[in-house]
Every structure is written in structure tokens, then in C-alpha cells.
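Here's a walk through one protein chain, for anyone meeting it for the very first time. Have a look at the picture, and then read on.

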Amino acid sequence: MTDIHPAVAASISSAKFAMARDKASWLALFAEDAFLADPVGPSPFDPKGEGYVGKANVERFWNNAIARANLSIEAIQRIPCANACAAVLKVTNDLGGGKKTTIDMIGIYEVNAAGQIASMKVYWSWDEMAKQLAAMGIG
């Protein structure tokens, strides 16, 4: 059996727990001093684009973004390097009533020596999300 790279394992688990809406398991993946930016840069979730620092703030992100979502996360590719993993993702959020958004993303997961997520940066276009929402009469 092949060992899974720790950052790849963190990426897989993050997606699995987000799709299952398993907040406790998702938060347990993060180091106490973790950094999270999803998306990187300003968005309605993070108007200043500074990201979230510390597990309590990562939990705030969960409450504002993931808790409300019905996500399907498809990993097109995961590329491990050093203590990190770059994941090419296609993320669909089922809004109900036949309305869905689908966004291409790149997630960069860095883990510490214990295998916990020390940094998670997800690159995607909020403008594309807003465009899709507007086309459905949302936002």
C-alpha cells in the first residue's frame, strides 16, 4: 500500500468533510495558528482580502461560507510538493430549485509536521461566481 502525502491527505479530507457538512472533523484538520484564504483576495466572505488567521477565525469562515453550502468538490488533479499540495478543483454548489454554480479553483494546502493544515489558499474568481448568481436572478 502506498502512503498518501500528508498535504494530499489534508486536501482529500478537507473536501470530504466540507461536502458532508462535518464542521468538527473539518476544523480538526487545521493547526491552531492556521491561515485560510478562500478565495484569495477580497470577497463578500473577506471584504479586505486578508484571510482568516487562527482556528477560531477559520471556524467563522465555515459558519459564513461552508455551513450554508451544498457542495460537490471534484479534484481534477492533486500535485504534492514538499509540505504542500496543489489541487485543481471543480466546485459545484447546489442552491436548490435546479440552481447551481460551478467554479474552477486551485487550492494550495500546506501542512505542518503533525500533518495539520497550516495554510490553505484557494484561488478562484468571485467575479465569475457573481456572474453565475446574477444569471439566475440571485444577488
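What follows goes from the whole chain down to a few single residues.

## Ground rules

This is a predicted model, where local features need pLDDT of at least 70, side-chain atom pairs count only at pLDDT 80 or more, and totals for chains, interfaces and linings use all residues. Residues are numbered from 1 along each chain as its sequence is written, and side-chain values use heavy atoms, with hydrogens and water left out.

## The chain as a whole

The protein chain has 4 helices and 6 strands. Both kinds are DSSP runs numbered from the N terminus: helices are H or I with at least four residues, strands are E with at least two. Follow the sequence and the pattern reads α-α-β-β-α-β-β-β-β-α.

What about its dimensions? The C-alpha atoms fill a box of roughly 45 × 35 × 25 Å along the principal axes. Of the 139 residues, 39% count as buried, where buried means under 20% relative accessible area, exposed means over 50%, and partly exposed lies in between (1.4 Å probe, protein chains only). Take the contacts (heavy atoms within 4.5 Å) between residues at least 6 apart in sequence: 48% of them join residues at least 24 apart.

## The sheet

The 6 strands make an open sheet with mixed pairing, in the order β2-β1-β6-β5-β4-β3. Two strands count as paired if DSSP finds at least two bridges between them. β2 (52–53) and β3 (71–81) are at the edges with a single partner strand each, so one side of each has no neighbour in the sheet.

Strands β4 (residues 84–96) and β5 (residues 99–111) run antiparallel and share 12 bridges. Along this pair, V88 is partnered with I106 of β5, and N93 with T101 of β5. Their hairpin has 2 residues between the strands, and G97 in the turn shows a positive phi of about 60°. β5 also pairs with β6, again in the antiparallel sense, over 6 bridges. There, I108 sits opposite K121 of β6. This second hairpin has 5 residues between its strands, with G115 at a positive phi near 85°.

Which residues of α1 are buried? They are A7, V8, A10, S11, S14, A15, F17 and A18. Among the elements covering them are α2 (23–28) and α3 (55–66). Helix α4 (residues 126–135), meanwhile, lies across β4 and β5, at about 160° to β5. Q132 belongs to α4 and counts as buried at 18% relative accessibility. Beyond its neighbours within four places in sequence, Q132 contacts K100, T101, T102 and I103.

In soluble globular proteins, nonpolar side chains tend to be buried together. Here the largest nonpolar core has 35 residues, and W26, F30 and M120 have the most contacts inside it. The largest share, 6 residues, comes from α1. A core of this kind is a set of buried Ala, Val, Leu, Ile, Met, Phe, Trp, Tyr and Cys residues joined through side-chain atoms within 4.5 Å. Not counting residues up to four places away in sequence, F30 touches L36, K55, V58, Q116, I117 and M120.

Finally, find V122 in strand β6. V122 is buried, at a relative accessible area of 2%. Leaving out residues up to four places away in sequence, V122 touches A37, D38, P39, V40, M105, I106 and G107. V122 and V88 are 34 residues apart in sequence, with 9.9 Å between their C-alpha atoms.

Key: Axes are lines fitted to C-alpha atoms, for helices over the stretch in contact, and angles run from 0 to 180 degrees between N-to-C directions.
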